[in-house]
Amino acid sequence: MKLIVGLGNPGARYAGNRHNIGFLAVDAIARQHRASPFRHRFQGEAAEAVLGPERAILLKPSTFMNESGRAVAEAQRFYKIPLSDVIVLHDELDLAPAKLRVKLGGGNAGHNGLRSITAQCGNDYRRVRLGIGHPGDKALGHAYVLNDFGKAELPWVDDLCRAVADHAALLAAGEDASFQNKVHLAMAGRGWDEVKTLGARN
């Protein structure tokens, strides 16, 4: 069994934020793979899905971002899921918009959600980095991630989440390189080879 976690902040106020693209991607996986309804469990919203031959728990922590690890640790303990089978989808400032990279472990790059998960669970989980671009000035980063995606950004956001969902079985199977490549090809096929960062005011 895999534990697939989308990161974001709870509540309508934050729903459209760039910081919440992890939630959006997990919602897309749930729709595409006809997951059970989300219900409140493990200090979050959890659903069950079948991704190819793999069963998966989809989790959206209901804590704020900097406490995400509490929900992840609770679900991981309950299902006795090894850390290597935990997959976290999150926004990535240092990756161009509409790009995706998968990596195992590594640094948290100032991401409070990842920092919390590492503190609670350990560092050797898989991360699906969903590129949102950078506002160009480090001082603007906090406001940028907590602003909503601009209207012009929403089409690539939707396409990226759909591509993640379409190929989620590869991710669950541990075929990270194939998953990453399929998503890249899907995004290129939809014309998202080069997406400019729109800036914090959008």
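The report below takes up the pockets and then the cysteines.

This is a predicted model, in which local features need pLDDT of at least 70 and side-chain atom pairs count only at pLDDT 80 or more, while totals for chains, interfaces and linings use all residues. Residues are numbered from 1 along each chain as its sequence is written, and side-chain values use heavy atoms, with hydrogens and water left out.

A pocket is here an open set of points on a 1 Å grid over the protein atoms alone, where a 1.4 Å probe fits, with protein on both sides within 12 Å along at least five of seven lines; lining residues have an atom within 4 Å of a point. Grid points are joined across faces, edges and corners, and a volume is the space filled by probe spheres set on the points.

| Pocket | Volume |
|---|---|
| Largest pocket | About 490 Å³ |
| Second largest pocket | About 160 Å³ |

The largest pocket is lined by 21 residues, of which H19, L93, G110, H111 and V145 are the closest to its centre. Two or more lining residues come from each of β5 (86-92) and α4 (141-145), where helices (H or I, at least four residues) and strands (E, at least two) are DSSP runs numbered from the N terminus.

Around the second largest pocket, the lining includes L24, R31, D158 and C161, and α1 (21-32) and α5 (154-166) each supply at least two of its residues.

C161 is buried at 6% relative accessibility, as is C121 at 18%, buried meaning under 20% relative accessible area with a 1.4 Å probe and protein chains only. The whole structure holds zero disulfides, a disulfide being a pair of cysteine sulfur atoms within 2.5 Å.

How values were computed
Buried < 20%, exposed > 50% of the residue type's maximum accessible area, 1.4 Å probe, protein only.
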